[in-house]
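Please look over the sequence and the structure shown here before reading on. The report that follows takes up a few topics in turn, each under its own heading.

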Amino acid sequence: MSNIPQDQTPFPPTFFGRGDESTDAAFYAFPRYVTHIDEGAIAAVGTVYEVLRVAGAVLDLMSSWVSHFRQPPESLTVLGMNADELAANPQARSWVVHDLNADPTLPFADDTFDHATCCVSVDYLTRPVDVFRDVARAVRAGGLFVCTFSNRLFPTKAIRGWLLSESATHQQIVAEYFAVAGGYEPARTRQCATPPGGDPLYAVWARVAGSRATEPR
């Protein structure tokens, strides 16, 4: 039976279908100690986090054995699918195995984190609006949720709507997740500087509503 959600308005249910509808737990059962973007794009992720001042208590969603911070946050919690990968993350203070496609509710209390990140994984979410909504609950007012992504992915596990759209549209899709989820200030988008010929990197982020913090340029 398909696990495509039915409540992700304004996106049609087929938008979130995938070529491989088997459980994600089975797909991620064995660790993959690889980086999914090249060194230039990895450096760009670190620059984004540094410029946006992502520090303090940070939640890294859909994480693995690397989190790409130039300087580790004071307290980094990594949430992902493979326990071995998460335990190997040298920047993490703690880790949690949790399948957001099976249960988009984060296993954390309200206002637990200063910020949240999601690196090269937002394209795998089948219930993104629900996840984004719950991130706004778990992150304190004024905190950022920063999503970065490239054009590299596991095509059988990426959602159909992502595979059938271009990079510029991907930024619009993630911005729409923020808007529909509610609880955020308007999202901002950016194509990040990366070396010519290498992997591109895009960032979309929004601040949890309720703060007068100014946005870094």
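## Strands and sheet

In this predicted model, Cys147 has Val204 of strand β7 standing opposite. Strand β5, residues 144–149, and strand β7, residues 202–207, run antiparallel and are joined by six bridges.

These two strands belong to an open sheet of seven strands with mixed pairing, in which the order is β3-β2-β1-β4-β5-β7-β6. Because β3 and β6 (188–191) stand at the edges and each has a single partner strand, one side of each is left without a neighbour in the sheet. If direction is ignored, neighbouring strands of this sheet are turned against each other by 15° on average.

## Helices on the sheet

Helix α4, which covers residues 128–138, lies across β1, β4 and β5, and runs at about 140° to β5. Helix α6, made of residues 167–181, also packs on the sheet, where it touches β5, β6 and β7, and its direction makes about 15° with that of β7.

## Salt bridges

Side chains of opposite charge can pair when their charged atoms come close. The count for this model comes to 11 salt bridges, and one of them is formed by the side chains of Asp24 and Lys157, with 2.9 Å from N to O. Asp24 lies in helix α1 (residues 24–27) and Lys157 in the loop between β5 and α5 (160–163), so this pair ties together parts that are 133 residues apart in sequence. Asp24 is buried, with a relative accessible area of 6%, and Lys157 counts as buried at 0% relative accessibility. Asp24 and Lys157 are also linked with Arg18, Asp20 and Glu21 in a network of salt bridges.

Another salt bridge joins Asp110 to Arg137, with the closest N and O atoms 2.8 Å apart. Since Asp110 lies in the loop between β3 and β4 while Arg137 lies in helix α4, the pair ties together parts that are 27 residues apart in sequence. Arg137 is partly exposed, with a relative accessible area of 24%. Within helix α4, Asp130 and Arg133 are three residues apart and so are separated by about one helical turn; they form a salt bridge whose closest N and O atoms are 3.3 Å apart. Asp130 is buried at 14% relative accessible area, whereas Arg133 is partly exposed at 39%.

## Aromatic rings

A search of the whole structure finds 16 aromatic pairs. Among them, Phe108 and Phe113 form a pair that is edge-to-face, with 4.9 Å from centre to centre and 85° between the planes, and both of these residues are buried. Elsewhere in the list of rings, one aromatic cluster is formed by Phe11, Phe15, Phe16, Phe132, Phe145, Tyr177, Phe178 and Tyr184.

## Two loop residues with positive phi

His68, placed in the loop between β1 (57–63) and β2 (75–80), has a phi near 70°, which is a positive value in a residue other than glycine. His68 is buried, with a relative accessible area of 16%. Asp111 has a positive phi as well, near 55°, and its place is in the loop between β3 (94–97) and β4 (115–119). At 43% relative accessibility, Asp111 counts as partly exposed.

## Confidence in the model

The mean pLDDT of the protein is 91, and 92% of its residues reach 70 or more. Over residues 1–6, however, pLDDT stays under 50, and the model has 12 contacts beyond four places in sequence for this stretch. Where pLDDT is low, the predicted coordinates should not be read in detail.

How values were computed:
Residues are numbered from 1 along each chain as its sequence is written. This is a predicted model: local features need pLDDT of at least 70, side-chain atom pairs count only at pLDDT 80 or more; totals for chains, interfaces and linings use all residues. Side-chain values use heavy atoms; hydrogens and water are left out. Rings of Phe, Tyr and Trp (its six-membered ring) pair if their centres lie within 6.5 Å; planes under 30 degrees apart count as stacked, over 60 as edge-to-face and the rest as tilted. Buried means under 20% relative accessible area, exposed over 50%, partly exposed in between (1.4 Å probe, protein chains only). Helices (H or I, at least four residues) and strands (E, at least two) are DSSP runs, numbered from the N terminus. Two strands pair if DSSP finds at least two bridges between them. Axes are lines fitted to C-alpha atoms, for helices over the stretch in contact, and angles run from 0 to 180 degrees between N-to-C directions. Contact means heavy atoms within 4.5 Å. pLDDT is the predictor's confidence in each residue, from 0 to 100. A salt bridge is a side-chain nitrogen of Lys or Arg within 4 Å of a carboxyl oxygen of Asp or Glu.
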